[in-house]
Amino acid sequence: MSKRKGLSLEEKRKRMLDLFYERKDVFQLKELEKIAPKEKGIISQSVKEVVQGLVDDGYVDSDKIGTSVYFWAFPSKAAQVRHSKLDQLTQEFDTWQEKRAKMETEVESIKKRRKNEDSEELLKLMSRIPELKALKTELEEKISLYQENDPEVIAKERADIDVARDAANRWTDNIFVVKSWLKNKFGVDEGTINKQFDIPEDLDCLE
């Protein structure tokens with residue numbers, strides 16, 4: 001017979017929160033260490049770690065009265081935490097949108113003066129591409145963690161990601177424009193340009 005696989009940390013956290021929400025009571029750690037194994041299948045040795053992690057993340061409240069420490073969490077607490085996380089994501093998106101607008105302005109400026117473009121300007125342009133890609137990936141991962149919490153907010157943020165992708169593609173197009181100008185102006189082959197300015201050979205628009 002195969003050995004039963006233990007619960008993952010995420011499953012333990014979910015079950016512990018369910019225990020708090022179902023009981024709607026205040027507990028000491030020793031009480032949770034007795035209740036959690038019986039009702040939620042969480043071994044007593046891991047109860048302290050799980051509870052402390054939930055406290056650190058803001059899902060469970062804690063207070064010390066005398067020499068005793070008490071823990072509690074109610075369903076309304078979960079909603080508050082979700083809203084807080086979504087507010088944080090919204091603020092990050094606002095900051096990112098400001099950066100995107102600044103980048104687009106820089107691109108337009110570079111396009112107007114591309115005949116006088118030098119290597120320093122081109123390297124600066126290239127350095128922005130990985131930053132934009134990394135930020136897009138990071139935000140997509142964060143959104144996926146909360147996609148079940150607030151569909152309207154997530155839908156808006158996905159639309160923003162589409163805008164970000166389009167912006168990144170415009171940056172890529174501008175790189176191609178600069179490369180074309182260098183080839184026509186100085187007769188340099190594309191491989192040399194890519195090597196000189198550390199442009200990836202597989203640079204292409206995002207899907």
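The model is predicted. The chain holds seven helices and three strands, and from the N terminus on its elements follow the order α-β-α-α-β-β-α-α-α-α. Of its 207 residues, 34% count as buried. Among contacts with a separation of 6 or more, 64% join residues 24 or more positions apart.

**Packing of H1 against H3**

- Helix H1 (residues 9-23) packs on helix H3 (residues 44-56) at an angle of about 80 degrees, and the two axes are 10 Å apart.
- An angle of 65 to 115 degrees counts as roughly perpendicular, so H1 is roughly perpendicular to H3.
- On the H1 side the contact is formed by Leu 9, Lys 12, Arg 13, Met 16 and Leu 17, and on the H3 side by Ser 46, Val 47, Val 50, Val 51, Gly 53 and Leu 54.
- Sorted by class, this contact of H1 with H3 comprises seven nonpolar, two polar and two charged residues.

**Packing of H1 against H2**

- H1 also packs with helix H2 (residues 29-40), at an angle of about 100 degrees and with the axes 11 Å apart.
- H1 is therefore roughly perpendicular to H2.
- From H1, the residues Arg 15, Met 16, Asp 18, Leu 19, Phe 20, Glu 22 and Arg 23 take part; they meet Leu 32, Ile 35, Ala 36, Glu 39 and Lys 40 of H2.
- The contact of H1 with H2 has six nonpolar, no polar and six charged residues.

**Lys 12, a buried charged residue**

- Lys 12 is found in helix H1, where it is buried yet has no salt bridge.
- The nearest side chain of opposite charge is that of Glu 49, 6.2 Å away; a salt bridge requires a nitrogen-to-oxygen distance within 4 Å.
- Leaving aside residues up to four places away in sequence, Lys 12 touches Leu 7, Ile 42, Ser 46 and Val 50.

**Salt bridges**

- Six salt bridges are found in a search of the whole structure.
- Arg 13 pairs with Asp 57, their closest N and O atoms being 2.8 Å apart.
- This pair links distant parts of the chain, as Arg 13 lies in helix H1 and Asp 57 in the loop between H3 and E2, 44 residues apart.
- Arg 13 counts as buried at 14% relative accessibility, whereas Asp 57 is partly exposed, with a relative accessible area of 38%.
- Glu 10, Arg 13 and Asp 57 are linked in a network of salt bridges.
- Within helix H1, Arg 15 and Glu 11 form a salt bridge of 3.0 Å, N to O; the two residues are four apart, about one turn of the helix.
- Arg 15 is partly exposed, with a relative accessible area of 26%, and Glu 11 is also partly exposed, at 28% relative accessibility.
- Lys 14 and Asp 18 meet in a salt bridge of 3.4 Å, N to O; being four residues apart in helix H1, they are separated by about one helical turn.
- Lys 14 counts as partly exposed at 47% relative accessibility, as does Asp 18 with a relative accessible area of 24%.

**Surroundings of Asp 61**

- Asp 61 lies in strand E2 (residues 61-65) and counts as partly exposed, at 25% relative accessibility.
- Asp 61 and Trp 72 are eleven residues apart in sequence and 5.4 Å apart in space, C-alpha to C-alpha.
- Not counting residues up to four places away in sequence, Asp 61 touches Tyr 70, Phe 71, Trp 72 and Lys 77.

Key:
Residues numbered from 1 in each chain as written. Predicted model: local features only at pLDDT ≥ 70, side-chain atom pairs only at ≥ 80, totals over all residues. Heavy atoms only, no water. Axes fitted to C-alpha atoms, helices over the stretch in contact; angles between N-to-C directions. Parallel < 35°, antiparallel > 145°, perpendicular 65-115°, else oblique. Contact = heavy atoms within 4.5 Å. Nonpolar A, V, L, I, M, F, W, Y, C, P; charged D, E, K, R; others polar. Buried < 20%, exposed > 50% of the residue type's maximum accessible area, 1.4 Å probe, protein only. Lys, Arg positive; Asp, Glu negative; His and termini not counted.
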